[in-house]
Amino acid sequence: MPRCHGCGSLERHRAFRVVLNAIAPVFATRPVLQFSADLAAPRHEFGSFEVSEFGTDTHLDMADIEKADGAYGLVIANHVLEHVADDLAAIGELDRITALGGAVFLSVPDLLRVEKTIEYGRARDDKHGHYRLYGPDIVERWREGAPLWHGIGMVAYDPVTGAEDRATLLSRDPILLADLTRLLQAAAVNPFNAFL
């Protein structure tokens, strides 16, 4: 994977930066929480931006987040959910801390590599600490963990290499998702599916 020598970003970071740049104006004045010190989010675009980073004093347990209900307008979890033992609890917690009219940006690695999610039963060292490899049936997990979520899947492209990656925006607010879809289309991001 081509890594930027200046900032260390990977293709997925650059692809998702296009998405997050496009939607940032909607959340510019709302609190944002990002899991991991991921390079995709344009932190300067948001008035309030918190980071939960594993192994530091900022770390939050995604399956038991010590934050108030509805505390954030946008929650970003880019390549994190696969590292959580109880992903259904994590999905429920992401839903709980996201405000009404807010959204969750969620991505997982290699979403289309397998037809059905493979559970490893433990965090595998040979799989970068992943508990599972998600397949497209991740939608069923979202519906189980956060039954009121609506979502839009998208394909974003690294502006440097053209490599594509997939992510999802999830919200209880279908009107917000429709507005975000228009912003993504204007930014040449391809929203490819809606989960209602």
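Q: At what angle do the axes of helix α1 and helix α4 cross?
A: This is a predicted model, in which local features need pLDDT of at least 70, side-chain atom pairs count only at pLDDT 80 or more, and totals for chains, interfaces and linings use all residues. Residues are numbered from 1 along each chain as its sequence is written, and side-chain values use heavy atoms, with hydrogens and water left out. The axes of α1 (residues 11-27) and α4 (residues 174-186) come within 9 Å, and their crossing angle is roughly 135 degrees.

Q: Which residues of α4 does α1 meet?
A: Contact means heavy atoms within 4.5 Å, and α1 takes part through Val 19, Ala 22, Ile 23, Val 26 and Phe 27. The residues of this contact divide into 9 nonpolar, no polar and no charged, where Ala, Val, Leu, Ile, Met, Phe, Trp, Tyr, Cys and Pro count as nonpolar, Asp, Glu, Lys and Arg as charged, and the others, Gly among them, as polar.

Q: Which element gives the largest share of the lining of the largest cavity?
A: A cavity is a set of points on a 1 Å grid over the protein atoms alone where a 1.4 Å probe fits but cannot get out, and lining residues have an atom within 4 Å of a point. The lining of the largest cavity includes Trp 142, Arg 166, Ala 167 and Thr 168, and the elements giving two or more residues to it are β4 (98-107), α3 (138-145) and β8 (164-171). The largest share, 3 residues, comes from β8.

Technical notes:
Axes fitted to C-alpha atoms, helices over the stretch in contact; angles between N-to-C directions. Helix = DSSP H or I, 4+ residues; strand = E, 2+ residues; numbered from the N terminus. 1 Å grid on protein atoms, 1.4 Å probe; cavity = no way out; pocket = protein on both sides within 12 Å on 5 of 7 lines; lining within 4 Å.
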